[in-house]
Amino acid sequence: MARQQFTPEQHSVRLLKVGEQVRHVISELLTRQQVHDDTLTAHSVSVTEVRMTPDLRQATVYVKPLLGVDEEEVLKSLRTHTAFFQREVAQRLKLKFAAKIRFRADETFDEASRIDALLNDPRVKRDLG
């Protein structure tokens, strides 16, 4: 059987769709507390984004605990249970390959706060006005 060819636009949309499905599965697992870990049970964790590699074999999952409390501890717990997440994602999505999951802290909120602080600086306000 010939390999199906995708245009760059179709390929990009497929990556986004699969990433969003992975995000939903991981979010559901965390919300329903199906991961048996005291740290993850004690914290509310948001899965903000999932980026898939073009071959769909790796997924980078960006997470942020509520209010950024104990971020390193939460990341350590998530990384400890990576095999569980990979198995659940593979079973629920029925993909040809099980994506290898990597958890990373989402820094976009920190970056947004830094930009807001810069824009509220009196010297910047003076230049913008």
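The legends below describe close-up views of a predicted model.

**View 1. Helix 4 and its buried face.**
Helix 4 runs over residues 82-93 and has 12 residues. From its first C-alpha to its last it reaches 16 Å, close to the 16 Å expected at 1.5 Å a residue. Thr-82, Phe-85, Glu-88 and Val-89 are buried in helix 4. Seen down the axis, these buried residues fall within an arc of 130 degrees, so they line one face of the helix. Lys-94 follows helix 4 and has a positive phi, near 50 degrees.

**View 2. The salt bridge between Arg-92 and Glu-88.**
Arg-92 and Glu-88 form a salt bridge in which the closest N and O atoms are 3.3 Å apart. The two residues are 4 residues apart in helix 4, and therefore separated by about one helical turn. Glu-88 has a relative accessible area of 14% and is buried, while Arg-92, at 33%, counts as partly exposed. Salt bridges that share partners join Glu-28, Arg-32, Glu-88 and Arg-92 into one network.

**View 3. Two other salt bridges.**
A search of the whole structure finds 6 salt bridges. In one of them, the side chains of Glu-20 and Arg-23 meet at 2.6 Å, N to O. Glu-20 and Arg-23 lie 3 residues apart in helix 1 (residues 8-31), so about one helical turn separates them. Glu-20 is partly exposed, with a relative accessible area of 34%. A salt bridge also links the side chains of Glu-49 and Arg-51, at 2.9 Å, N to O. Glu-49 has a relative accessible area of 31% and is partly exposed; Arg-51, at 46%, also counts as partly exposed.

**View 4. The two sides of helix 3.**
Glu-71, Val-74, Leu-75, Ser-77 and Leu-78 are the buried residues of helix 3. They cover an arc of only 160 degrees around the axis, which puts them on the same side of the helix. The face turned away from this buried side carries the exposed residues Glu-72, Lys-76 and Thr-80.

**View 5. Thr-39 and its contacts.**
Thr-39 is in helix 2, which covers residues 38-42. Its relative accessibility is 15%, so Thr-39 counts as buried, the limit being under 20%. Leaving aside residues up to four places away in sequence, Thr-39 touches Glu-73, Val-74 and Ser-77.

**View 6. A nonpolar patch on the surface.**
Leu-66, Leu-67 and Val-69 make a nonpolar surface patch of about 340 Å². Leu-66 sits in the loop between strand 2 (58-65) and helix 3 (71-80). With 55% relative accessibility, Leu-66 counts as exposed.

Definitions and conventions. Residues numbered from 1 in each chain as written. Predicted model: local features only at pLDDT ≥ 70, side-chain atom pairs only at ≥ 80, totals over all residues. Heavy atoms only, no water. Patch = residues over 30% accessible without salt bridge, like charges linked within 9 Å, V, L, I, M, F, W, Y side chains within 5 Å. Areas by Shrake-Rupley, 256 points an atom, 1.4 Å probe, with all protein chains shown as cover. Salt bridge = Lys/Arg side-chain N within 4 Å of Asp/Glu carboxyl O. Buried < 20%, exposed > 50% of the residue type's maximum accessible area, 1.4 Å probe, protein only. Expected span 1.5 Å × (residues − 1). Arc of directions from axis to C-beta. Contact = heavy atoms within 4.5 Å.
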